[in-house]
Amino acid sequence: MLNALREPAVLVPISVFFGLCVGSFLNVVIHRLPKMLERQWRSECAELTGAAAPPPARYDLLAPRSCCPKCGHRITALQNIPIASYIALGGRCAACRSPISPRYPVVEGLAGLLAGFIAWRYGPTAAMAGALLFAWAMIALAFIDLDTFYLPDTITLPLVWAGLLFNAAGTFTDLRSAVIGAAAGYLALWSVFWIYKLATGKEGMGYGDFKLLAAIGAWLGWKMLPLTILLSSLVGAMVGIALMVFARHGRNVPIPFGPYLAAAGLIALFWGEAINRRYLAIF
């Protein structure tokens, strides 16, 4: 069995299937984690102010069962098969026929495709396990930030430590580069934040962006930080200009930066070394 998993023809389809299942779980994380944190903050505020509050009903990543937000219909196992159920249901709730956001199959598809690509690229190695963890975390953070303009510490901080642990064995870079990358990633955006705030009196980004770039630095090393910052800034600028031109998106309306950092981090993971070599060769 172990020998069979070394064959891409076996490993890649298994990884895609597993990735689709993880993508289904990521949809739960993206939807519920911000709500869980909000409930926690309200509970802590009530405790600090001495306000009496009834014990809240259980709400976490496992309970209650997923249901339609419109009619409350409980989603069955057959209605929760990644992508296939969405297609079979025509993108609508089985009970009330309310439309289901296409984001659900998009997240599942991204998780599955990335899992297949990572399995093909790295094979059954520690690098494959690490790359899968990194990629799935990037998906969750990107979509949470799109929804809430928030990058939860419950994902970003463990991701920093996980990157350092993987690189203790030199999985993606050496440990020295990973430690410097974590510190430099945080301080780079922290510095930009304070320079912008002192110059304009406004906050240009959130603290979660610092921690996300620190996590990318911990996984990929400090040498990938300039590329990550450049790619994320270019894509973010192009999207921002497009939104202002075509969607009449106001200049003062904030745009989440996390999705662009996440996309740039994935590009740097897969092709960063080749891009850096090509760039250095030009000069």
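This is a predicted model: local features need pLDDT of at least 70, side-chain atom pairs count only at pLDDT 80 or more; totals for chains, interfaces and linings use all residues.
Reader: How many helices and strands does the protein have?
Author: There are 10 helices and zero strands. Helices (H or I, at least four residues) and strands (E, at least two) are DSSP runs, numbered from the N terminus. Read along the sequence, the pattern is α-α-α-α-α-α-α-α-α-α.

Reader: How do you know whether the radius of gyration agrees with a compact globule?
Author: The radius of gyration is taken over C-alpha atoms, and the globule rule is 2.2 Å times the number of residues to the power 0.38. For 283 residues a compact globule would come near 19 Å, and the protein has 21 Å, so the two agree. The C-alpha trace spans about 60 × 60 × 45 Å along its principal axes.

Reader: Why is Ser24 called buried?
Author: Buried means under 20% relative accessible area, exposed over 50%, and partly exposed in between (1.4 Å probe, protein chains only). Ser24 has 13%, so Ser24 is buried. Ser24 lies in helix H2, residues 8–49. Of the 283 residues of the protein, 39% count as buried.

Reader: What does Ser24 touch?
Author: Not counting residues up to four places away in sequence, Ser24 touches Asn80, Pro82 and Glu108. Contact means heavy atoms within 4.5 Å.

Reader: Is Trp219 buried or exposed?
Author: The relative accessible area of Trp219 is 1%, which is under 20%, so Trp219 is buried. Trp219 lies in helix H8. Leaving out residues up to four places away in sequence, Trp219 touches residues including Gly130, Leu133, Phe134 and Leu159. Trp219 and Ala168 are 51 residues apart in sequence, and their C-alpha atoms are 10 Å apart in space.

Reader: Why does Asp153 count as partly exposed?
Author: Asp153 has 29% relative accessibility, which falls between 20% and 50%, so Asp153 is partly exposed. Asp153 lies in helix H6. Leaving aside neighbours within four places in sequence, Asp153 is in contact with Pro158 and Lys211. Asp153 and Lys211 are 58 residues apart in sequence, and 8.0 Å apart in space from C-alpha to C-alpha.

Reader: What makes Leu61 partly exposed?
Author: Leu61 is at 28% relative accessibility, between the cut-offs of 20% and 50%, so Leu61 counts as partly exposed. Leu61 lies in the loop between H2 and H3. Leaving aside neighbours within four places in sequence, Leu61 is in contact with Phe25, Val28, Val29, Arg32 and Met36.

Reader: What makes a set of residues a nonpolar core, and which core is the largest?
Author: A nonpolar core is a set of buried Ala, Val, Leu, Ile, Met, Phe, Trp, Tyr and Cys residues joined through side-chain atoms within 4.5 Å. The largest has 60 residues, and those with the most contacts inside it are Leu26, Trp136, Met138, Ile139 and Ile155. H5 gives the most to this core, with 15 residues. Met138 is in contact with Leu159, Leu212, Ala262 and Leu266, leaving aside neighbours within four places in sequence.

Reader: What is set apart about the backbone at Arg97 and Phe149?
Author: Most residues other than glycine have a negative phi, and most peptide bonds are trans. Arg97 is not a glycine, yet has a positive phi of about 65 degrees. Phe149, also a residue other than glycine, has a positive phi near 60 degrees. Arg97 is found in the loop between H3 and H4, and Phe149 lies in the loop between H5 and H6.

Reader: Which residues does a cis peptide bond join?
Author: A cis peptide bond joins Ala63 and Pro64, with omega about -5 degrees. Pro64 lies in the loop between H2 and helix H3, residues 84–88.

Key: Residues are numbered from 1 along each chain as its sequence is written. Side-chain values use heavy atoms; hydrogens and water are left out.
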